[in-house]
Amino acid sequence: QVQLVESGGGLVQPGGSLRLSCAASGSILSINTMRWYRQAPGKERVLVAGISSRDSTNYVDSVKGRFTISRDNAKNTVYLQMNSLKPEDTAVYYCNADIRSTTSLTLYNYWGQGTQVTVSS
């Protein structure tokens, strides 16, 4: 089985920073694209940032210049560095990844359980 476990969420004041981590574990053969989504109360889950296996990145316009996605392939981990946080960044942040396991050559999409980020004074 494959699991994604996020960490690093919490309460931060406007203008502050947080770094989210998401570690994939289990019978992993390879990991393709890794992504961060977020879901604010009463709103749909939206894609925040993605990073390909070749480190090509993309961001939603609202976080460009403030958030940076990166990955450590040796650790099967993706990060989201969030700077200049705003109250509207408050949401549950979810890790998502396309993973091929050693037990199946099929590429499956996996989700983490989510981590809360609250930006408030």
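Colleague: Over how many bridges do β7 and strand β8 pair?
Modeller: Strands of a sheet pair through backbone hydrogen bonds, either parallel or antiparallel. Here β7 and β8 (residues 77–82) are antiparallel, over six bridges. R71 has V78 in β8 as its bridge partner. Pairing takes at least two DSSP bridges between two strands. Strands are DSSP runs of E, at least two residues, numbered from the N terminus.
The model is predicted: local features need pLDDT of at least 70, side-chain atom pairs pLDDT 80 or more, while totals for chains, interfaces and linings use all residues. Residues count from 1 along each chain as its sequence is written, and side-chain values use heavy atoms, without hydrogens or water.

Colleague: Which strands stand at the edges of the sheet?
Modeller: The sheet is open, with four strands in the order β1-β3-β8-β7 and antiparallel pairing. β1 (2–7) and β7 (67–72) are the edges; each has a single partner strand, so one side of each lacks a neighbour in the sheet.

Colleague: How many aromatic pairs does a search of the whole structure find?
Modeller: A pair of aromatic rings is described by the distance of the centres and the angle of the planes. The search finds two. Rings of Phe, Tyr and Trp (six-membered ring) pair with centres within 6.5 Å; planes under 30 degrees apart are stacked, over 60 edge-to-face, the rest tilted. Y37 and W111 have centres 4.8 Å apart and planes at 55 degrees, so this pair is tilted. It joins strand β4 (residues 28–39) to strand β10 (residues 107–111), 74 residues apart.

Colleague: Is Y37 buried or exposed?
Modeller: Y37 is buried, at 19% relative accessibility. The cut-offs are under 20% for buried, over 50% for exposed, partly exposed in between (1.4 Å probe, protein chains only). W111 is partly exposed at 37%.

Colleague: What is the angle between the planes of Y94 and W111?
Modeller: Their planes are at 85 degrees and their centres 6.4 Å apart, so the pair is edge-to-face. Y94 lies in strand β9 (residues 91–101), 17 residues from W111. Y94 is buried at 14% relative accessibility. Ring pairs link Y37, Y94 and W111 into a cluster.
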